[in-house]
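This report covers confidence, nonpolar cores and a surface patch. Please keep the sequence and the coordinates at hand.

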Amino acid sequence: MGRLSTSHQPLRGVPAPADSGARVLQPPRMGRWALDVAFVWKAVLTLGLVLLYYCFSIGITFYNKWLTKSFHFPLFMTMLHLAVIFLFSALSRALVQCSSHRARVVLSWADYLRRVAPTALATALDVGLSNWSFLYVTVSLYTMTKSSAVLFILIFSLIFKLEELRAALVLVVLLIAGGLFMFTYKSTQFNVEGFALVLGASFIGGIRWTLTQMLLQKAELGLQNPIDTMFHLQPLMFLGLFPLFAVFEGLHLSTSEKIFRFQDTGLLLRVLGSLFLGGILAFGLGFSEFLLVSRTSSLTLSIAGIFKEVCTLLLAAHLLGDQISLLNWLGFALCLSGISLHVALKALHSRGDGGPKPLKGMGSSPDLELLLRSSQQEEGDNEEEYFVAQGQQ
């Protein structure tokens with residue numbers, strides 16, 4: 001019989017075993033290149049959405065401040081903004097319905113008046129008082145005072161059992177309250193009436209955000225989509241703000257040559273065009289925030305909101321000449337540290353949860369109009385908090 005060969009010849013089709021000195025296989029360069037491209041694309045997309053949000057958010061603040069210098073009817077301006085938002089929301093709903101061939105949600109009158117009306121009334125007062133304050137306060141004082149809305153949101157969240165009392169939350173409240181006191185203490189451009197309006201708006205904003213959260217946690221209403229929410233809120237907001245407008249601005253506006261008793265058609269068209277542009281900015285702000293959160297996360301929006309406050313104050317000091325002392329800056333930094341701590345706590349709490357839970361706390365962007373939950377978000381997300389910012393600040 002032939003002798004078996006002891007030589008180790010590799011079988012055909014079977015790879016030779018790697019020796020002990022063989023290098024560990026590395027992923028293909030093409031795969032790593034694809035990962036790098038995906039990361040860069042996501043970073044560029046996030047940056048672009050943040051910049052878009054900044055343009056609308058900061059832009060509407062300075063635009064409203066500029067407009068109220070020549071048009072002293074902020075409540076009428078707000079009501080026109082609400083009408084424009086409703087118009088664009090209805091148009092968007094119609095376009096989505098035509099493209100998806102699915103009917104949009106329409107609430108019954110009972111649900112509309114019983115569940116949506118309280119939120120709409122609180123939102124209307126928050127927005128109306130905020131715009132009213134522009135007649136008296138600087139952009140810097142407005143921005144700082146509106147940042148204190150987180151303080152009232154936390155307080156009302158504790159009252160309505162939406163947030164659990166913790167030592168960290170007490171620290172957040174103290175930091176924000178202390179920062180607000182330092183910013184307004186001995187401020188050279190402080191106005192009591194305007195400050196009271198902004199602080200009142202922040203207080204009502206706390207009620208508004210709590211009611212909004214409670215409203216949107218009712219999944220049976222079907223208001224998870226921001227367009228549907230804006231569509232349902234604007235009419236009641238308009239009606240809720242009308243009595244305040246009629247008492248404080250109705251008579252003066254009816255005798256004003258800029259609107260009802262106009263003599264120059266060109267002036268009338270310019271005024272209406274300016275007001276309409278503000279409404280477009282308001283709608284664009286809400287939609288840009290929804291895009292930012294839907295493509296990234298609510299944490300990204302909260303962090304972007306913090307840096308937005310800094311940019312707003314710097315621009316107010318540079319462009320409008322707002323006088324901000326060192327003590328004011330320290331107070332602003334203290335307030336931002338409280339807001340940042342709140343954002344960090346929310347992020348840690350979100351990662352510590354094992355799965356999706358009902359919303360517990362509010363977001364940290366105080367100038368936001370609607371807290372939303374997206375039905376299209378991935379199931380693995382622990383906090384699906386979506387916001388549509390109010391643009392009539």
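Helices here are DSSP runs of H or I with at least four residues, numbered from the N terminus. Leucine 345 lies in one of them, helix H12. The model is a predicted one.

**Confidence**

The mean pLDDT of the protein is 77. A score of at least 70 is reached by 77% of the residues. Helix H2 (residues 74-100) has the highest confidence, at 92. Strand S1 (residues 368-372) has the lowest, with a mean of 36.

**Nonpolar cores**

The largest nonpolar core holds 48 residues. Within this core, Phe71, Phe76 and Val116 touch the most other members. Helices H1 (29-70), H2, H3 (109-133), H7 (192-216), H8 (226-248), H10 (265-295) and H11 (298-319) each give two or more residues to this core. H1 contributes the most, with 9 residues. A second, separate core has 24 residues, including Phe183, Val198, Phe332 and Val343.

What does valine 116 contact, apart from neighbours within four places in sequence? The partners are Leu107, Asp111, Leu215, Leu223, His232, Leu233 and Leu236.

Is each leucine buried or partly exposed? The table gives the values.

| Residue | Relative accessible area | Class |
|---|---|---|
| Leucine 327 | 33% | partly exposed |
| Leucine 345 | 19% | buried |

The cut-off for buried is under 20%, and exposed means over 50%, with partly exposed in between. Leucine 345 is at 19%, so this residue counts as buried. Leucine 327 is at 33%, so this residue falls in the partly exposed class.

Leucine 345 touches Ala168 and Val172, leaving out residues up to four places away in sequence. Alanine 168 is 177 residues from leucine 345 along the chain. Their C-alpha atoms are 8.1 Å apart.

**Surface patch**

Leu327 belongs to a nonpolar patch on the surface, together with Phe181, Tyr185, Leu326 and Leu330. These residues together have about 530 Å² of accessible area. Which helix gives the most to the patch? Helix H12 (residues 326-352) does, with 3 residues.

Technical notes
Residues numbered from 1 in each chain as written. Predicted model: local features only at pLDDT ≥ 70, side-chain atom pairs only at ≥ 80, totals over all residues. Heavy atoms only, no water. Patch = residues over 30% accessible without salt bridge, like charges linked within 9 Å, V, L, I, M, F, W, Y side chains within 5 Å. Areas by Shrake-Rupley, 256 points an atom, 1.4 Å probe, with all protein chains shown as cover. Salt bridge = Lys/Arg side-chain N within 4 Å of Asp/Glu carboxyl O. Buried < 20%, exposed > 50% of the residue type's maximum accessible area, 1.4 Å probe, protein only. pLDDT = per-residue confidence, 0-100. Contact = heavy atoms within 4.5 Å. Core = buried A, V, L, I, M, F, W, Y, C linked by side-chain atoms within 4.5 Å.
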